[in-house]
Amino acid sequence: MKLAVFVHEYREPEILDRLKAEKFGIILVQNGVYHATLKKNGQTSPLLSKEAEFYALSEDLASRGLSDDKVDPKVKVVNYEGLVDLIFNDYEKILWL
Amino acid sequence: MGKLTIGTFSSLVGSLSLDFAVKLAEAAVKKGHEVDFWLSGNATMLGKKNQSKFRDYSYLLGTIEELLKTGKFQITLCEACGKARGIHKEDIIEGMNIYSMDWYLASMYNADRVIHIGGE
Amino acid sequence: MAVKKYAFIIEKLPYKSETSRLALTHAIASQTVEIHLEEGESVEPVIAFVGDGVLNCLKDQKALDMYGVTSQEMHIKNALLLDLKVLVCKEDLEKYGLTEDDIIMDAEEIGGEVTTEIVPFSEIMNVIETADQVLFF
């Protein structure tokens, strides 16, 4: 299964570690984009240590004053159109956690 | 080109999840996909006519009206959720449907992708 | 005859928000979906409670008396009455010290025949994997 999940808050969804998929994507949107940029007490978000492909929505980064150059290199920045392509081409099931 | 069904329960005012869902629908239609959009729970307020545009609140009706013109976008409001909030057929914008929950399930039947944004 | 399986995965707590209620009412709406579909097409819902969502399944809910609204208990019993598959995550029940004595296991008093199934999360993951559509509440 190719599964992508949306993370929209700056906390880790409880179910995240329990989900299993051959291809797993984590799409950071809304307050989820802080995972991509912030270093809390010098540490990157533990969420970024998961085995997954990471994406963050550029519009949500920009609206929060977070520039793309602060985004962790593991995370690919996409816009809404890029997100549509991910949804149709790269993943089969999508969950909003 | 595919079909995307988006369902959302989040409110127009007080949350930006509906804003996200409408922008995603807009991008999908722009790329040539068809979009079915289901409004349930607090999201039903998106359908209400005569919304005023204030800078402190999301205003999505303009985008919805443009999307409806494309012929690739259908939007339906949950009848029970709407009525419980005082939103009846005569209160909703032209081009929007009002049906029971089975419409959403039927829309998913032949959808290539489904994104369900299940409330706050 | 094409039957498509929809998974309704419920993680939210009941009552404070409408989310878990809408999960059940949408799942139950599968009973009338055929009016919108072609002949021979239908939908088979599977409801699965995970995480905090298992607390929707506690017995003796008095929401009708307290809030004047149908309880989640009644919705779950209606789902069972309609022969919908209802799964509850075993590990999450254990986490809260709950057993099958604490949760709604059947709808016998209204004539329901199927019962709630307590299953390991791996089985719920399998439902997510095999379902045609997955909705997370």
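What you have here is a predicted model, where local features need pLDDT of at least 70, side-chain atom pairs count only at pLDDT 80 or more, and totals for chains, interfaces and linings use all residues. Residues are numbered from 1 along each chain as its sequence is written, while chains are lettered from A and ligands numbered from 1 in the order in which they are written.

**Chain C on its own**

Chain C has five helices and five strands. Helices here are DSSP runs of H or I with at least four residues, strands are runs of E with at least two, and both are numbered from the N terminus. Going along the sequence, the pattern reads β-α-β-α-α-β-α-β-α-β. The radius of gyration of chain C is 15 Å, close to the 14 Å that the globule rule gives for 137 residues, so chain C is as compact as a globular protein of that length. That radius is taken over C-alpha atoms, and the globule rule is 2.2 Å times the number of residues to the power 0.38. Along the principal axes, the C-alpha atoms of chain C fill a box of roughly 45 × 35 × 30 Å.

Of the 137 residues of chain C, 45% count as buried. Buried means that 20 or more other C-beta atoms lie within 10 Å of the residue's own; exposed means 12 or fewer, partly exposed is in between, and the C-beta atoms are placed from the backbone. As for contacts (C-beta atoms, placed from the backbone, within 7 Å), take those in chain C between residues at least 6 apart in sequence: 77% of them join residues at least 24 apart.

Helix α1 of chain C, residues 19-28, is mostly covered, with nine of its 10 residues buried. Among those buried are Arg21(C), Leu22(C), Leu24(C), His26(C) and Ile28(C). The cover over the buried residues of α1(C) includes β1 (2-10), β2 and α3 of chain C, along with α4 of chain B.

Asp60(C) has a positive phi of about 60 degrees, although it is not a glycine. Asp60(C) sits in the loop between β2 (41-49) and α2 (63-66) of chain C, and it counts as exposed, with 8 C-beta neighbours inside 10 Å. Asp83(C) also isn't a glycine, and its phi is positive, near 65 degrees. You'll find Asp83(C) in the loop between α3 (72-81) and β3 (85-89) of chain C; it is exposed, with 11 other C-beta atoms within 10 Å.

**Where chain C meets its neighbours**

The contact between chains B and C takes 17 residues from chain B and 21 residues from chain C. On the chain B side, the elements giving two or more residues are α4 (102-109) and β5 (113-117). α4(B) gives the most to that side, with seven residues.

Against chain A, eight residues of chain C are in contact with nine residues of chain A. Here the elements of chain C that give two or more residues are α5 (121-130) and β5 (133-136), and the largest share, three residues, comes from α5(C).

**Two helix pairs that share α1(B)**

The axes of helix α3 (residues 80-90) of chain A and helix α1 (residues 17-30) of chain B come within 8 Å and cross at roughly 75 degrees. Axes are lines fitted to C-alpha atoms, for helices over the stretch in contact, and angles run from 0 to 180 degrees between N-to-C directions. α3(A) and α1(B) are therefore roughly perpendicular to each other. Angles under 35 degrees count as roughly parallel, over 145 as roughly antiparallel, 65 to 115 as roughly perpendicular and the rest as oblique. From α3(A), Tyr80(A), Glu81(A), Leu83(A) and Val84(A) meet Lys23(B), Leu24(B), Ala27(B), Ala28(B) and Lys30(B) in α1(B).

Within chain B, the axes of α1(B) and helix α2 (residues 61-69) come within 11 Å and cross at roughly 25 degrees, so α1(B) and α2(B) are roughly parallel to each other. In this pair, Val22(B), Ala25(B), Glu26(B) and Val29(B) of α1(B) meet Thr63(B), Ile64(B) and Leu67(B) of α2(B).

**Residue classes**

Ala, Val, Leu, Ile, Met, Phe, Trp, Tyr, Cys and Pro count as nonpolar, Asp, Glu, Lys and Arg as charged, and the others, Gly among them, as polar.

| Side of chain C that touches chain A | five residues | one residue | two residues |

Terms used:
Two residues are in contact if their C-beta atoms, placed from the backbone, lie within 7 Å.
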